[in-house]
Amino acid sequence: MATATFYIVRPDSPQATAAGFEAYVVFLSQHFARQGAKVYLQCATQQHAEQIAERFWQVEAKDFLGHNLVGEGPKYGTNIEIGHVGVKPSWNRQLAINLADNHTTFAKAFAEVVDFVPNEENAKQRSRERYKLYRQAGYQLQTIEIHYP
């Protein structure tokens with residue numbers, strides 16, 4: 001059964017800021033990739049995808065993991081591929097991390113989806129709507145509060 005996990009961003013956490021959230025997305029992506037998952041990050045726009053890709057270059061050298069934008073890199077890509085609404089992963093991946101605020105239709109191609117519940121009220125409402133859509137699509141749902149320094 002497909003699963004969707006919503007990570008809850010606490011208002012007092014470092015992830016409540018844009019920079020802290022992006023750093024957490026990099027951390028989480030690398031965490032899953034180190035466990036052998038083929039990760040796809042779904043961003044809202046090409047500019048957003050390029051911004052997230054740039055964040056992967058800003059980690060310590062010892063923590064660096066290869067990543068690529070859709071259409072770039074080796075034939076079968078790296079364990080972490082970054083795309084945006086309107087493009088598809090270049091090959092089969094198991095896990096998607098959704099960073100596109102109001103887009104879930106891409107998710108049906110993945111066995112596991114990660115999404116987020118931000119603090120801002122309008123964004124929180126959109127995450128509730130995505131939660132309902134995943135539930136209607138038959139995903140097993142869970143929520144996790146972020147505990148990351």
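The radius of gyration is taken over C-alpha atoms, and the globule rule I compare it with is 2.2 Å times the number of residues to the power 0.38. For 149 residues that rule puts a compact globule near 15 Å, and the protein chain has 14 Å, which agrees.

**Entry 1: ground rules.** I am working from a predicted model, in which local features need pLDDT of at least 70 and side-chain atom pairs count only at pLDDT 80 or more, while totals for chains, interfaces and linings use all residues. Residues are numbered from 1 along each chain as its sequence is written, and side-chain values use heavy atoms, with hydrogens and water left out.

**Entry 2: the overall chain.** I looked up the extent of the C-alpha trace and noted a span of about 35 × 30 × 30 Å along its principal axes. I then listed the secondary structure, taking helices (H or I, at least four residues) and strands (E, at least two) as DSSP runs numbered from the N terminus. The protein chain comes to three helices and seven strands, and from the N terminus on they run β-α-β-α-β-β-β-β-α-β. With contact meaning heavy atoms within 4.5 Å, I noted that residues 24 or more positions apart account for 64% of the contacts with a separation of 6 or more. For burial I used under 20% relative accessible area as buried, over 50% as exposed and partly exposed in between, with a 1.4 Å probe and protein chains only; buried residues make up 41% of the 149.

**Entry 3: the sheet.** I counted two strands as paired if DSSP finds at least two bridges between them. The seven strands form an open sheet in the order β3-β4-β2-β5-β6-β1-β7, with parallel pairing, and the edge strands, β3 (68-69) and β7 (140-145), each pair on one side only.

**Entry 4: strand β4.** I checked the covering of β4 and found five of its five residues buried, with Ile80, Ile82 and His84 on one side and Glu81 and Gly83 on the other. Five bridges join β2 to β4, and glutamine 42 stands opposite glycine 83. Two bridges join β3 to β4, and leucine 69 stands opposite isoleucine 82.

**Entry 5: arginine 93.** This residue sits in the loop between β4 and β5, and at 2% relative accessibility arginine 93 counts as buried. I therefore looked up its polar contacts, meaning pairs of N or O atoms within 3.5 Å in which, within protein, one must be able to donate a hydrogen and the other to accept it, and residues adjacent in sequence count only if both atoms are side-chain atoms. The side chains of arginine 93 and glutamate 81 are joined by such a contact of 3.1 Å, and the backbone oxygen of valine 39 lies 3.3 Å from a polar atom of the arginine 93 side chain.

**Entry 6: aromatic residues.** I paired rings of Phe, Tyr and Trp (its six-membered ring) if their centres lie within 6.5 Å, with planes under 30 degrees apart counted as stacked, over 60 as edge-to-face and the rest as tilted. The count comes to nine aromatic pairs. Phenylalanine 6 and tyrosine 131 have ring centres 5.3 Å apart and planes at 55°, so the pair is tilted. Because phenylalanine 6 lies in strand β1 and tyrosine 131 in helix α3 (residues 121-136), the pair ties together parts 125 residues apart in sequence. Phenylalanine 6 is buried at 1%, whereas tyrosine 131 is partly exposed at 27%. Phenylalanine 6 also forms an edge-to-face pair with tyrosine 134, at 5.6 Å centre to centre and 65° between the planes.

**Entry 7: tyrosine 7.** Tyrosine 7 is found in strand β1 and counts as buried at 9% relative accessibility. Its C-alpha atom is separated by 4.7 Å from that of phenylalanine 116, 109 residues apart along the chain.
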